[in-house]
Amino acid sequence: MEIILLGTGCPNVDPNRLGPSQLVVHPGATILIDCGSGVTQRMVAAGFTGRDLDAVFLTHLHSDHIVDLFQLISTSWQQGRDRPQKIFGPRGTKTYLEGLMELWRPELDLRKAHEARPSNVALDLEVTEFGSGEVWSQAGLTVEAVEVDHRPVRDAFGFVVSGSGERAVFSGDTTYCPALIQAARKADVLVHEVFIHREFKVIPGIRTAEGLANVQSYHTRSDVVGKVAAEAEVRGLILTHFVPTRFDKTALLEEVRRDFSGPLLIGEDLMRLDLTTGTLSYGGALLTMGSLWRSGART
Ligand SMILES: [Zn+2]
Ligand SMILES: [Zn+2]
């Protein structure tokens, strides 16, 4: 199983960290988790297009996680996708997508008539709303949803993705959440959001103290995320969905390292971890971690 971080950012506009989204690639199944700003560009940069997706999973309906859904649907069609897009999301996803497609219907009708592509089936959506439990399975890859604590947002989920004896857990957006820790127990990797409280400041005219406290309350602070990974006894931890997107990386590593002693990565857009081979790649660099992070080598 390979995990590709497509976007590691948050609602901040940052050209180095685009909106949150991840690909999971397994023999016979390729899935997308969340659909943040810039997802289609990052997919192409990673060597994939909308043709390749077997299913899309949404953790919750916050804009930073879904804002490029129409872009994905539309460009998948232009990329020659020859099957409907399967989208799995929490309660409210059907209403959202019906409204989204209705808004674009006049533009799409014109475009379909004018571009005369061989197939328009990619513009058909198969939308499934899920609660906690197993959501989907294909070719030995299984996705299970775990309700997390992102209140006041309801219907927010993390995902446990399993296949070939490997298990990756994606937190979605959550504050400290015992149910997620339980679901992540002994996972090969936990891909977790982080709120770097030292770096998130009141900005006159932009961010109030009240707003700051509210945002912090539904994310996982950087002095807590290491405890989450340690309590879950995961093999390794990848941090993503950085709030804010620019921060002191050394200070963050030191902070998380106090609680978690396993492999720890500050995720970057287009970073890839192959759990099957224990290989990490980023830019032109390739690092083989051998038994340190190869699922079959667990002691
Ligand atoms: Zn978010
Ligand atoms: Zn959120």
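Author: Let us start with one residue: Asp173 is buried, its relative accessible area being 2%, where buried means under 20% relative accessible area, exposed over 50% and partly exposed in between, with a 1.4 Å probe and protein chains only. This is a predicted model, in which local features need pLDDT of at least 70 and side-chain atom pairs count only at pLDDT 80 or more, while totals for chains, interfaces and linings use all residues. Residues are numbered from 1 along each chain as its sequence is written, chains are lettered from A and ligands numbered from 1 in the order in which they are written, and side-chain values use heavy atoms, with hydrogens and water left out.

Reader: What does Asp173 coordinate, and how far apart are the zinc ions?

Author: Asp173 coordinates both the zinc ion (ligand 1) and the zinc ion (ligand 2), which are 3.5 Å apart.

Reader: Which are the protein donors of ligand 1?

Author: For the zinc ion (ligand 1) they are Asp64 (OD), His65 (NE2), Asp173 (OD) and His241 (NE2), at 2.1 to 2.2 Å. Donors here are N, O and S atoms within 2.8 Å of the metal (3.2 Å for Na, K and Ca), and sites may look incomplete because water is not among the atoms. Along the chain, the donors of this zinc ion (ligand 1) follow the spacing D-H-x107-D-x67-H. Helices (H or I, at least four residues) and strands (E, at least two) are DSSP runs, numbered from the N terminus. His241 is buried as well, with a relative accessible area of 4%.

Reader: And which donors does ligand 2 have?

Author: The zinc ion (ligand 2) has His60 (NE2), His62 (ND1), His150 (NE2) and Asp173 (OD) as its protein donors, at 2.1 to 2.3 Å. Of these, His60 is buried at 0% relative accessible area, whereas His62 is partly exposed at 23%.

Reader: Why is the arrangement around ligand 2 irregular?

Author: The 4 donor atoms around the zinc ion (ligand 2) subtend angles of 93 to 155°, which makes the arrangement irregular. Four donors count as tetrahedral if all angles lie between 85 and 135 degrees; four count as square planar and six as octahedral if opposite donors are over 155 degrees apart and all others between 65 and 115; anything else is irregular.

Reader: Changing topic, which peptide bonds are cis?

Author: Two that I can point to are the bond from Arg151 to Pro152, with omega near 15°, and the bond from Val243 to Pro244, with omega near -5°. Pro152 sits in the loop between β8 (141-147) and β9 (157-163), and Pro244 in the loop between β12 and α8.

Reader: What about phi at Asp34, and is that residue buried or exposed?

Author: Asp34 has a positive phi of about 70° although it is not a glycine, and at 3% relative accessibility it is buried. Its place is the loop between β3 (29-33) and α1 (39-45). Leu270, also not a glycine, has a positive phi of about 75°, but Leu270 is partly exposed at 24%.
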